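Subject: Structure handover

Hello,

Please find the structure below, with notes on what was found in it. Read the notes alongside the coordinates.

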Amino acid sequence: MRRKNLTNLKSLFVNKSFVRYIFVGLIYTFISPLIFIFLSQYVSRINSIIIFYPLGYFLKYFIYKKWVFHNDTVNLKKFIIHVTPIFFIALFFTKLTNFINEIQYVAILLVFVNGFSGYIWGKLIYKKNKI
């Protein structure tokens, strides 16, 4: 049993899709705060979220679909259901933290809030029904 678990773990980490998934997630995690900070210099924080998040999410969707998984397993409807609440949480959180003058701190906090809420919501959306 232990050997089977190790074999499954090894195949997970050797899997190209998994490595690509982690790569896309890390790049998105590092780039999105930088774009938020950049846009916030020219428009309000709320408007920078409104501009960047939808574009970023759709770019992420198509990268997952075409490069990470190479097939149609990434469902647009479920993806939209997944990211829409996260988008509104980001808007709410950005409005809530308007008193923080340092945009960099808000950007870092957004990474954690979006990561946590996205993970929890994603677990609910993509969980498999056990019958």
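Predicted model: local features only at pLDDT ≥ 70, side-chain atom pairs only at ≥ 80, totals over all residues.

Residues are numbered from 1 along each chain as its sequence is written, and side-chain values use heavy atoms, with hydrogens and water left out.

Overall fold

The protein chain has five helices and zero strands, in the order α-α-α-α-α along the sequence. Helices (H or I, at least four residues) and strands (E, at least two) are DSSP runs, numbered from the N terminus. The chain has 131 residues, of which 31% count as buried; buried means under 20% relative accessible area, exposed over 50%, and partly exposed in between, with a 1.4 Å probe and protein chains only. Among contacts (heavy atoms within 4.5 Å) between residues at least 6 apart in sequence, 69% join residues at least 24 apart. The accessible surface comes to about 9,700 Å², and carbon and sulfur atoms hold 70% of that surface. Areas come from the Shrake-Rupley method with a 1.4 Å probe; for residues, only the protein chains shown count as cover.

Aromatic pairs

Eight aromatic pairs turn up in a search of the whole structure. Rings of Phe, Tyr and Trp (its six-membered ring) pair if their centres lie within 6.5 Å; planes under 30 degrees apart count as stacked, over 60 as edge-to-face and the rest as tilted. Tyr28 and Phe52 are stacked, at 6.3 Å centre to centre with 20 degrees between the planes. This pair links distant parts of the chain, with Tyr28 in helix 2 (residues 16-40) and Phe52 in helix 3 (residues 45-68), 24 residues apart. Tyr28 is buried at 18% relative accessible area, and Phe52 is buried at 10%. Phe52 also pairs with Tyr53, edge-to-face, at 5.8 Å centre to centre and 90 degrees between the planes. Tyr53 is buried as well. Ring pairs join Tyr28, Phe52, Tyr53 and Tyr57 into a cluster.

Nonpolar core

Which residues have the most contacts inside the largest nonpolar core? They are Phe36, Ile49, Tyr53, Tyr57, Phe79, Phe87 and Leu110, in a core of 24 residues. A nonpolar core is a set of buried Ala, Val, Leu, Ile, Met, Phe, Trp, Tyr and Cys residues joined through side-chain atoms within 4.5 Å. Helix 2, helix 3, helix 4 (76-96) and helix 5 (103-126) each give two or more residues to this core. Leaving aside residues up to four places away in sequence, Leu110 touches Phe36, Ile49, Tyr53, Ala90, Phe93, Thr94 and Gly115. Gly115 lies in helix 5 and is partly exposed, at 40% relative accessibility.

Surface patch

Tyr21, Ile22, Phe23, Leu26, Ile27, Phe30, Ile31 and Trp67 make a nonpolar surface patch of about 770 Å². Helix 2 gives the most to this patch, with seven residues. Among them, Ile31 is partly exposed at 40% relative accessibility, and Ile22 is partly exposed at 38%.

Regards

Note on methods:
Patch = residues over 30% accessible without salt bridge, like charges linked within 9 Å, V, L, I, M, F, W, Y side chains within 5 Å. Salt bridge = Lys/Arg side-chain N within 4 Å of Asp/Glu carboxyl O.
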